[in-house]
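Here is a short note for a colleague opening this entry for the first time. Please read it with the model on screen.

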Amino acid sequence: MFSKSTEYALRAVIYLAQHSSEQNKIGIQELADAIDSPKSFTAKILQKLTKDQVLVQSVTGPGGGFYLTPESKNVSIYSVLKVLDEETVVTGCVLGLHECSEINPCPMHSIYKTIKPRLLSMFEEKTIQQLSES
């Protein structure tokens, strides 16, 4: 359903929610190993996630690394998708078509339109913290 980078990003924020804090920052190598992602790919994903230091926080230098604040842990999964520009995976056409509606439906439209609201609701309601506790 999601791109590989989004899958890794979701794994990363869940891992950070479980193992990091302002006192216990996680290095890029540990994070890459934990989410089974190449280090360079993980670094690119973390660049997006640390933009504006809202979702994931980072500190450079000795003792640096990545962590989530208690506020960040309460962010919805949908917010993570938005940071990665992947929210259309949930909100858009399941086949990725630009024009998909009741008037011009894709072959999956009638099936997906019943599932989409529940899926969207799940991503909007579930927080990083909730997933990290599962």
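The points below go from the overall layout to single residues.

1. Ground rules. This is a predicted model, in which local features need pLDDT of at least 70, side-chain atom pairs count only at pLDDT 80 or more, and totals for chains, interfaces and linings use all residues. Residues are numbered from 1 along each chain as its sequence is written, and side-chain values use heavy atoms, with hydrogens and water left out.

2. Layout. The chain holds eight helices and two strands. Helices (H or I, at least four residues) and strands (E, at least two) are DSSP runs, numbered from the N terminus. The order of elements from the N terminus is α-α-α-β-β-α-α-α-α-α. The C-alpha trace spans about 60 × 25 × 25 Å along its principal axes.

3. Surface and burial. The chain has 134 residues, and 37% of them count as buried. Buried means under 20% relative accessible area, exposed means over 50%, and partly exposed is in between (1.4 Å probe, protein chains only). The accessible surface of the chain is about 7900 Å². Carbon and sulfur atoms account for 53% of that surface. Accessible areas come from the Shrake-Rupley method with a 1.4 Å probe; for residues, only the protein chains shown count as cover.

4. Contacts along the sequence. A contact means heavy atoms within 4.5 Å. Take the contacts between residues at least 6 apart in sequence: 59% of them join residues at least 24 apart.

5. The core. The largest nonpolar core has 30 residues. Such a core is a set of buried Ala, Val, Leu, Ile, Met, Phe, Trp, Tyr and Cys residues joined through side-chain atoms within 4.5 Å. L31, L49, V56, F123 and I128 touch the most other members. At least two residues each come from helix 1, helix 2 (28-35), helix 3 (39-49), helix 5 (77-83) and helix 7. Helix 1 gives the largest share, eight residues.

6. A closer look at V56. Which residues does V56 touch, not counting residues up to four places away in sequence? The list is V13, L16, L46, L49, T50, F66, Y67 and L68.

7. Salt bridges. How many salt bridges are there? The count is two, a salt bridge being a side-chain nitrogen of Lys or Arg within 4 Å of a carboxyl oxygen of Asp or Glu. One joins the side chains of E7 and K4, at 3.4 Å from N to O. These residues are three apart in helix 1 (residues 4-19), so about one helical turn separates them. E7 is partly exposed at 27% relative accessible area, and K4 is partly exposed at 45%. The other pairs K113 with E102, with the closest N and O atoms 3.1 Å apart. K113 is in helix 7 (residues 109-125) and E102 is in the loop between helix 6 (88-91) and helix 7, so this pair ties together parts eleven residues apart in sequence. K113 is partly exposed at 38%, whereas E102 is exposed at 53%.

8. Cysteines. The whole structure has zero disulfides, a disulfide being a pair of cysteine sulfur atoms within 2.5 Å. For C93, the nearest cysteine sulfur is that of C106, 3.7 Å away. C93 counts as buried, at 13% relative accessibility. For C100, the nearest cysteine sulfur is again that of C106, at 3.7 Å. C100 counts as partly exposed, at 23%.

9. A nonpolar surface patch. V94, L95, L97, M108, I111 and I115 form this patch, with about 490 Å² of accessible area together. Patches are made of residues with over 30% relative accessible area and no salt bridge; like charges are joined within 9 Å, nonpolar side chains (Val, Leu, Ile, Met, Phe, Trp, Tyr) within 5 Å. L97 sits in the loop between helix 6 and helix 7. L97 is partly exposed, at 43%.

10. E99. The loop between helix 6 and helix 7 also holds E99, which is exposed at 62%. From C-alpha to C-alpha, E99 and D52 are 33 Å apart, and 47 residues separate them in sequence.

11. Backbone points to check. D36 is not a glycine, yet its phi is positive, near 60°. D36 lies between helix 2 and helix 3, in the loop, and is exposed at 61%. D85 is not a glycine either, and its phi is about 55°. D85 is in the loop between helix 5 and helix 6 and counts as exposed, at 62%.
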